[in-house]
Amino acid sequence: MELGNKEHNGSTYATACAIVTSMISIIFGYDTGVMSGAMIFIKEDLGISDTQQEVLADILNICALVRSLTAGRTADYIGRRYTITVASILFMVGSILMGYGPNYTILMLGRCVAGIGVGFALLIAPIYSIEISSAKSRGFLASLPELCIGIGILLGYVVNYLLGKLSLKLGWRLMLGIAAIPSLALAFGILAMPESPRWLVMQGHLGKAKKVLLQISDTEQEAELRFKEIKIAVGIDENDLEKMVKPPKKNNGEGVWKELVVRPSYPVRWILIAAVGIHFFEHATGIEAVMLYSPRIFKKAGVTSKDKLLLTTIGVGITKVFFLLMATFLLDKVGRRRLLLVSTGGMICSLLVLGFDLTMVDMTQEELLWALALSIVATYMYVAFFNIGLGPVTWVYSSEIFPLNLRAQGASIGVAVNRLTNAAISMSFISIYKTITIGGAFFMFAGISILAWIFFYFFLPETKGRALEEMEMIFSKNNKGNVTTEIE
């Protein structure tokens with residue numbers, strides 16, 4: 001494919017690829033959103049307990065945790081594109097089982113299968129987007145999976161409201177089962193996408209990698225520059241003109257875990273701490289409790305009817321999508337670090353207000369309209385601040401900072417921590433708020449958010465506008481004193 005030096009729409013093609021890839025995140029988001037409302041009907045239909053509800057909500061994350069530990073190796077072995085196809089097929093099978101759901105056991109089985117798909121999807125969607133994008137648009141493209149999760153959650157809330165009017169036995173099964181249709185379409189659609197050029201270089205397929213780079217770059221000069229940077233990062237001579245070479249052993253999975261965990265270099269150790277930390281704090285600050293159990297929160301605040309509960313929850317979904325959309329355009333302009341600090345600061349304030357309001361509701365038998373209104377506003381504010389910073393930045397940042405040969409398996413550790421924290425919050429939230437009150441639970445999340453802000457301030461340097469191949473330099477000892485300084 002010869003382009004000469006003239007410009008073409010390579011970045012547009014890369015954006016289209018990232019959007020299609022991110023569709024798998026819509027399916028995952030839909031499952032999260034639809035389950036929050038479906039559980040109201042599942043509990044009534046199957047007669048399950050609060051404990052069974054907690055397990056049902058979070059078995060998906062437990063299975064995603066287990067799979068995410070090996071998803072990086074899978075992505076390195078079969079490629080980014082085929083890993084997404086596998087995830088789509090697993091989502092489809094899981095949705096069919098949940099839609100059938102004659103009893104609690106089959107419902108759990110469907111959640112487990114879908115969870116395995118989540119383990120693949122959460123890892124590979126942002127990595128693929130990052131590896132096909134240029135430095136100037138990487139934040140935008142890599143944040144698309146998180147935006148699509150938000151869109152999926154909103155769709156789930158809307159479907160809850162619409163199908164909640166059907167018969168009890170049919171409504172929730174349709175809510176869960178219809179996700180099989182887009183999953184099947186995506187499984188075939190992704191095969192038309194190009195493979196990640198960085199993965200192709202790691203496998204020694206230089207000819208194929210260059211062809212993809214010419215497709216996703218705006219000029220031949222840009223493609224050549226990116227091609228040379230990738231070859232150097234992988235350990236291949238930048239002047240090598242062969243179309244097929246033998247890849248270095250370290251790129252075939254040999255010694256990756258040793259280099260990543262057992263005996264990491266200073267930059268890799270810092271990168272690993274940053275990735276694990278940001279993934280931990282994304283869920284330890286309470287977002288899963290708000291998104292999954294928002295109907296319970298609003299009910300506690302005074303919203304009683306099912307229709308009003310579901311409509312108020314739709315408002316949460318709209319807020320999430322709106323601020324995620326804003327974040328996609330701000331990441332490459334404002335920067336990851338600044339958005340992260342502003343976001344976490346706003347979350348702290350929102351959680352303190354929400355904790356106070358819900359405590360006041362608990363302490364009185366009267367209906368406090370001001371507390372009800374303020375609880376809804378504080379919830380929406382918390383969701384807004386989370387999704388303009390911490391939500392999208394977590395996936396962009398943790399996917400872009402690892403060296404190429406460690407990226408998939410390094411990111412898989414972050415995803416595993418993410419799912420483990422998500423699981424811990426989802427499975428324990430009802431028990432926690434019954435023990436320390438629902439207001440106390442949100443004061444706890446506010447305290448964790450303060451710790452998160454401190455961690456982000458001292459340990460996460462800015463990565464905006466830097467090439468993927470420069471990340472080790474940013475996390476080097478020489479840059480240690482500049483972490484709190486904005487890198488322009």
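Analyst: What follows looks at one residue, then at the packing of its helix, and then at a second residue. This is a predicted model, in which local features need pLDDT of at least 70 and side-chain atom pairs count only at pLDDT 80 or more, while totals for chains, interfaces and linings use all residues. Residues are numbered from 1 along each chain as its sequence is written, and side-chain values use heavy atoms, with hydrogens and water left out.

User: Ok, which helix holds Asp357?
Analyst: Asp357 lies in helix α16, residues 336-363, where helices are DSSP runs of H or I with at least four residues, numbered from the N terminus.

User: Is Asp357 buried or exposed?
Analyst: Asp357 is buried, because its relative accessible area is 0% and buried means under 20%, with exposed over 50% and partly exposed in between (1.4 Å probe, protein chains only).

User: And what does the side chain of Asp357 reach?
Analyst: The side chain of Asp357 reaches the backbone nitrogen of Ser375 at 3.4 Å. Ser375 is also among the residues in contact with Asp357 once neighbours within four places in sequence are left aside, together with Trp370, Ala371 and Leu374; contact means heavy atoms within 4.5 Å.

User: How do α16 and α17 pack?
Analyst: Helix α17 covers residues 369-388, and α16 packs with α17 at an angle of about 160 degrees, their axes being 8 Å apart; axes are lines fitted to C-alpha atoms, for helices over the stretch in contact, and angles run from 0 to 180 degrees between N-to-C directions. That makes α16 roughly antiparallel to α17, a label used for angles over 145 degrees. The residues of this contact of α16 with α17 divide into 19 nonpolar, 5 polar and 1 charged, where Ala, Val, Leu, Ile, Met, Phe, Trp, Tyr, Cys and Pro count as nonpolar, Asp, Glu, Lys and Arg as charged, and the others, Gly among them, as polar.

User: What about α16 and α20?
Analyst: The axes of α16 and helix α20, residues 438-459, come within 8 Å and cross at roughly 165 degrees. That makes α16 roughly antiparallel to α20, and by class their contact has 19 nonpolar, 7 polar and 2 charged residues.

User: Switching topic, where is Ile413 found?
Analyst: Ile413 is found in helix α19, residues 407-436, and Ile413 is buried, with a relative accessible area of 16%.

User: Which residues is Ile413 in contact with, leaving aside its neighbours within four places in sequence?
Analyst: Ile413 is in contact with Trp257, Leu260, Val261, Leu272 and Val276, with those sequence neighbours left aside. The C-alpha atoms of Ile413 and His279 are separated by 9.4 Å, although these residues are 134 residues apart along the chain.

Conventions. Helices (H or I, at least four residues) and strands (E, at least two) are DSSP runs, numbered from the N terminus. A polar contact is a pair of N or O atoms within 3.5 Å; within protein, one must be able to donate a hydrogen and the other to accept it, and residues adjacent in sequence count only if both atoms are side-chain atoms. Angles under 35 degrees count as roughly parallel, over 145 as roughly antiparallel, 65 to 115 as roughly perpendicular and the rest as oblique.
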